[in-house]
Amino acid sequence: MPGHVKTGGSKEPDPDPSPFLFVSFEMKKEDSLKPYDPKKSVWVPDGEGGFDEALIQEVKGDVIDVKVGWEPKTFKADKVMQVNPPKMEKFDDVSNMTYLNEAAVLWNLKARYVAKLIYTYSGLFCVVINPYKRYPIYSNRVVKMYIGKRRNEVPPHLFAISDGAYQQMMTNAKDQSMLITGESGAGKTENTKKVITYFAILGSNEKAK
């Protein structure tokens with residue numbers, strides 16, 4: 001995954017990383033206006049490996065009639081999955097969503113990715129989708145945001161996982177490990193570099209104290 005690049009000279013301040021880390025008020029407001037029916041809003045297979053949002057029209061035992069847009073369709077009940085309420089759009093941690101199903105997880109990851117929020121928690125794991133672009137989220141400014149912070153105090157980021165491992169090592173005096181895995185091109189090498197850079201900056205700060 002590419003690192004950050006300053007638009008100005010070397011003495012210019014680091015770019016503001018907020019748009020790439022936090023869900024903005026405007027996004028939350030727009031998401032809150034999304035049409036939603038807690039009893040009828042569902043996900044259904046789109047026939048291409050993905051999912052469409054639909055509204056339940058009628059339940060007939062183990063078969064459910066729905067409308068995808070204006071198109072009526074019928075699915076077996078076990079293929080229909082609940083949609084999460086709008087307040088959970090672009091959720092930081094998918095494991096805390098009301099409805100935890102495949103469609104809901106994929107939609108949340110996609111929604112965050114489109115909003116340039118490439119990091120998302122899934123319980124103890126941190127999922128990252130490679131944007132193949134340079135985002136200003138690995139600068140010294142961002143490092144300082146995460147040093148000594150608990151995971152729930154800052155937005156999802158590789159640095160939060162790194163700092164958690166470091167704090168556990170210092171507190172418990174035990175070795176820690178981080179598993180960075182993914183398919184070819186997912187960004188494993190670049191993320192590993194970011195972890196090493198974070199520890200290097202953290203170590204230099206500790207020595208300076």
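Student: Which residue in β2 stands opposite V42?

Tutor: This is a predicted model. Strands β1 and β2 pair in the antiparallel sense, over five bridges. V42 stands opposite a β2 residue, and that residue is A54.

Student: Which residue in the turn of the β1 and β2 hairpin has a positive phi?

Tutor: β1 and β2 form a hairpin with five residues between them. The positive phi in the turn is about 85°, and it belongs to G47.

Student: Is W43 buried or exposed?

Tutor: Four of the five residues of β1 are buried, so the strand is largely enclosed by the rest of the structure. The cut-off for buried is under 20% relative accessible area. W43 has 4% relative accessibility, so W43 counts as buried.

Student: How many residues apart in sequence are the parts tied together by the pair of W43 and W107?

Tutor: A search of the whole structure finds six aromatic pairs. In one of them, the rings of W43 and W107 have centres 5.6 Å apart and planes at 40°, so the pair is tilted. W43 lies in strand β1 and W107 in helix α2, so the parts tied together are apart in sequence by 64 residues.

Student: Which residue with a positive phi follows α2?

Tutor: Within α2, the buried residues are A103, A104, N108, L109, A111 and R112. What covers them includes β1, β2, β5, β6 and β7. After the helix comes a residue with phi near 70°, namely K116.

Student: What kind of pair do the rings of Y198 and F199 form?

Tutor: Y198 is buried, with a relative accessible area of 0%. F199 is partly exposed, at 31%. Their ring centres are 6.3 Å apart and the planes stand at 65°, so the pair is edge-to-face.

Student: Which residue has its charged end over the ring of Y138?

Tutor: Y138 belongs to one aromatic cluster with Y146, F159, Y198 and F199. A charged end sits over the Y138 ring, 4.9 Å from its centre, and it is that of K194.

Methods
Residues are numbered from 1 along each chain as its sequence is written. This is a predicted model: local features need pLDDT of at least 70, side-chain atom pairs count only at pLDDT 80 or more; totals for chains, interfaces and linings use all residues. Side-chain values use heavy atoms; hydrogens and water are left out. Buried means under 20% relative accessible area, exposed over 50%, partly exposed in between (1.4 Å probe, protein chains only). Helices (H or I, at least four residues) and strands (E, at least two) are DSSP runs, numbered from the N terminus. Contact means heavy atoms within 4.5 Å. Rings of Phe, Tyr and Trp (its six-membered ring) pair if their centres lie within 6.5 Å; planes under 30 degrees apart count as stacked, over 60 as edge-to-face and the rest as tilted. A charge sits over a ring if NZ of Lys or CZ of Arg is within 6 Å of the ring centre and within 35 degrees of the ring normal. Two strands pair if DSSP finds at least two bridges between them.
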